[in-house]
Amino acid sequence: MRAKITYFVLAAVLVVYFVLVGSRGVLLIEQGTAVTVTFGVAVLILPLIGVWFLWHTTQFARKAGLLARELEAEGGLPVDELRRTAGGRIDRDSADEVFAKRRAETEQSPTDWRTWFRLAVAYHDARDTPRARKAMQRAIALHEGKPVRA
């Protein structure tokens, strides 16, 4: 719950920032000179990119949450079998062992979104965020019945 609150607070701050930057872009355009119009358009592009990124990130998080709830209802969420250090961090060797199991499971059922979801969790536990995101995107695409590249 804490992560959701943090996410929404940061998203709200970003939206306020986008509005402020956008208003500065409009003010620059209203000046009417070639330089200020050029800068104004450039300044307006930044919030548009930010809004696009925020929208896609929010949709990704929402869809991943839906998959998690569906998998939980089926009783298929991965069990936390990771060893932890005295400080509470995940033991790297333990994460690698679990990852190897999840990868083998995914190789056996490459079209099952559930295996890709569990693989994404294993990637995340192994601190490989880019691959975790790619695996979760694949799980979402498979769940939605969208075509997935090999």
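Predicted model: local features only at pLDDT ≥ 70, side-chain atom pairs only at ≥ 80, totals over all residues.
We can begin with the core. The largest nonpolar core in the model comprises 18 residues. Leu67, Trp113, Trp116, Phe117, Tyr123, Met136 and Ala139 have the most contacts inside it. Two or more residues are contributed by each of helix H2 (34–74), helix H4 (113–125) and helix H5 (129–143), and H4 supplies the largest share, 7 residues. In general, nonpolar side chains tend to be buried together in soluble globular proteins.

H2 runs for 41 residues and spans 60 Å between its first and last C-alpha, close to the 60 Å expected at 1.5 Å a residue. The buried residues of H2 are Thr36, Gly40, Pro47, Gly50, Leu54, Thr57, Gln59, Phe60, Ala64, Leu67 and Leu71. Helix H1 (2–31), H4 and H5 are among the elements that cover them. Residues three or four places apart on an α-helix point the same way, because there are 3.6 residues a turn. After H2 comes Gly75, with a positive phi near 75 degrees.

Turning to H4, this helix also holds Thr115. Thr115 counts as buried because its relative accessibility is 3%, under the 20% cut-off. Apart from neighbours within four places in sequence, Thr115 is in contact with Glu105, Thr106 and Ser109.

Methods: Residues numbered from 1 in each chain as written. Heavy atoms only, no water. Core = buried A, V, L, I, M, F, W, Y, C linked by side-chain atoms within 4.5 Å. Buried < 20%, exposed > 50% of the residue type's maximum accessible area, 1.4 Å probe, protein only. Helix = DSSP H or I, 4+ residues; strand = E, 2+ residues; numbered from the N terminus. Expected span 1.5 Å × (residues − 1). Contact = heavy atoms within 4.5 Å.
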